[in-house]
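Reader: I'd like to go through this model with you, one topic at a time. Could you start with whatever I need in order to follow the talk about burial?

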Amino acid sequence: MLKALADPKLRWFYLLSGLFILLNSLLLVKEFYWGIAIPVAIVVALMYLFWLDKLLLMIVMVTPLAVNIADSELGIGISLPSEPLMVGVLVLFILKTLFNGQYDRKILKHPLTIAVFFNLAWLTITSITSEMPLVSFKFLAARLWFVVPFYFLGILLFKDVKNISRFKWLYVATLIIVIIYTTIHHSSYGFAEKQGHWVMKPFYNDHTAYGAILAFFVPVFVGFMFNHERSRTYRFYAAIVSLILIGALYLSFSRAAWVSLAASVGVAVLVVYKIKFRWIFTGLVIVVASFYMFKTEILYALEKNKQDSSANFIEHVQSIYNISSDASNLERINRWQSAIRMFEERPVFGWGPGTYQFIYAPFQRSKERTIISTNAGDLGNAHSEYIGPLSEQGFPGLISILWIGIAAIITGIRVYRNARNREIRLYSLVSVLALVTYFIHGFLNNFLDTDKASVPFWGFMAMIVAMDIYHKETEKVDTSMTKERA
């Protein structure tokens, strides 16, 4: 014992441990119970200084379990513990960039990065011209603490290709905990459709956000099932995760998520079988032309559909195109019409990022309102990742999100076709398909103002850029998660 105490490191360990026990005891006497979090805070502080890559992966892991805390009077909401950790990463990145001024120029010159810069620049401009500048600058700050850690730092994180796989497995590991909680909660109501809309609370606001993330990761783990560069055990676990995700997606009753997953399957067929672009373009032209030629008949058929959302799978699918009586579908149309009227009034700069829900009420028409319409601005936004920015940031805002999407998909497909390593090809393909589910889902909902969607969205963007810059030309890439660099 005396020899052990002669070691200076052990002396410091026992001294600090004793001081912590004494301090925490005093805090407990004073009925302050947060003292136990002090060691966690110290570890996190050390991670900011020495293990930023591990901190980013830790944020990924805690995001599905994060809970949104909102103050309705102040209009402030934050997701704990993920968003405060992201804010710390953002501040650290800014300080390091100011003092060191070093960042890989290949990343800054990448087409996708240029699209991201344009989006952030236009958000800044429209925040200045906003009808509600405080709301818009809060929106901009949130976008920055999503984009900086998981796009700009994410690209550097994915220079180590093993982190691409780690990111996906860590996010899904805790997502499965949410799935188990939701399924058990849902089962107590007999898996009823109406209760399925909210049983995932407090982790997800409703079934649409929950379904969007489930659909996002289904292509990833289905793809991992066919990764013959890995062991059978790895592929078996990927199959188990795929089944869990698909089962949870079915029970989510999220029609938009089902549609987005079906679209990703179609894109997978086009990419894997190398369908020529001219055939894709010709098909799209035929579809659009047919709609305009037969739009009267099509609208008549849609108006005849009276099937509301249902626990029956076939009936629930049929309700997707019910635009005559389904309240959810009609309310979306009401929100979109209001957004378009807002755009028409301010087509260039819009009303300001994040302001739609506070401003759209007067733009509603009485004949378009539904039983779930509100003037309070407390039931969400424009329900579209494209029409929302159109109303809030004008036409350039819509262009900015389309530019990001097109640049990401083109880059991902280019990596898939040109990568020399088979596993990099697979990673690029599943990343594109995951993003496709979100871009399709974005026609009906928008979640990029939440950490749940933004972490994987910007993370997968970063993966695609990292693979394009650092891994595309490499024939042999160490993707084993069991080997660590010294």
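Author: A residue is called buried when its relative accessible area is under 20%, exposed when that area is over 50%, and partly exposed in between. Please keep in mind that this is a predicted model. With that cut-off, Phe253 counts as buried, because its relative accessible area is 4%.

Reader: Where is Phe253 found, and what is its phi near?

Author: Phe253 is found in the loop between H11 and H12, and its phi is near 55°, which is a positive value in a residue other than glycine.

Reader: Let me step back a bit. How many helices and strands does the protein have, and what share of its residues count as buried?

Author: The protein has 20 helices and two strands, and 47% of its 486 residues count as buried. If you take the contacts between residues at least 6 apart in sequence, 72% of them join residues at least 24 apart.

Reader: Back to H12, please. How does the span of helix H12 agree with what its 18 residues should give?

Author: Helix H12 covers residues 255–272, and at 1.5 Å a residue those 18 residues should span 26 Å; the C-alpha atoms at its ends are 26 Å apart, so the two values agree. Following H12 comes Lys274, whose phi is positive, near 55°.

Reader: Which residues of H12 are buried?

Author: The buried residues of H12 are Arg255, Ala256, Ala257, Trp258, Ser260, Leu261, Ser264, Ala268 and Val271.

Reader: What does His441 touch, leaving out residues up to four places away in sequence?

Author: His441 touches Thr208, Ala212, Ser254, Ala256, Ala257, Ser260 and Phe447. His441 itself is in helix H19 (residues 422–441), and His441 is buried, because its relative accessible area is 1%.

Reader: Changing topic to the aromatics: how many aromatic pairs are there?

Author: The count comes to 33 aromatic pairs. One of them is formed by Trp145 and Phe146, which is edge-to-face, at 6.5 Å centre to centre with 75° between the planes. Trp145 counts as buried at 15% relative accessibility, and Phe146 counts as buried at 1%.

Reader: What about Phe167 and Phe460, and why is that pair called edge-to-face?

Author: The planes of Phe167 and Phe460 meet at 70°, with the ring centres 6.2 Å apart, so the pair is edge-to-face, given that planes over 60 degrees apart count that way. Phe167 lies in helix H9 (residues 162–187) and Phe460 in helix H20 (residues 451–471), so the pair ties together parts that are 293 residues apart in sequence. Both Phe167 and Phe460 are buried, and Lys168 lies over the face of Phe460, at 5.1 Å from the ring centre.

Reader: Which other charge lies over the face of a ring, and which residues do ring pairs link into a cluster?

Author: Arg346 lies over the face of Trp351, at 3.8 Å from the ring centre. As for the cluster, ring pairs link Phe93, Tyr103, Phe117, Tyr151, Phe152, Tyr438, Phe439, Phe457 and Trp458.

Reader: Last topic, then: how many cavities of 30 Å³ or more does a search of the whole structure find?

Author: The search finds one cavity of 30 Å³ or more, and about 50 Å³ of space lies in the largest cavity. Residues that line the largest cavity include Thr182, Thr183, His186, Tyr210 and Ser252. H9 and helix H11 (232–252) each supply at least two residues of that lining.

Notes:
Residues are numbered from 1 along each chain as its sequence is written. This is a predicted model: local features need pLDDT of at least 70, side-chain atom pairs count only at pLDDT 80 or more; totals for chains, interfaces and linings use all residues. Side-chain values use heavy atoms; hydrogens and water are left out. Rings of Phe, Tyr and Trp (its six-membered ring) pair if their centres lie within 6.5 Å; planes under 30 degrees apart count as stacked, over 60 as edge-to-face and the rest as tilted. Buried means under 20% relative accessible area, exposed over 50%, partly exposed in between (1.4 Å probe, protein chains only). Helices (H or I, at least four residues) and strands (E, at least two) are DSSP runs, numbered from the N terminus. A charge sits over a ring if NZ of Lys or CZ of Arg is within 6 Å of the ring centre and within 35 degrees of the ring normal. The expected span of a helix is 1.5 Å times one less than its number of residues. Contact means heavy atoms within 4.5 Å. On a 1 Å grid over the protein atoms alone, a cavity is a set of points where a 1.4 Å probe fits but cannot get out, and a pocket is an open set with protein on both sides within 12 Å along at least five of seven lines; lining residues have an atom within 4 Å of a point. Grid points are joined across faces, edges and corners, and a volume is the space filled by probe spheres set on the points.
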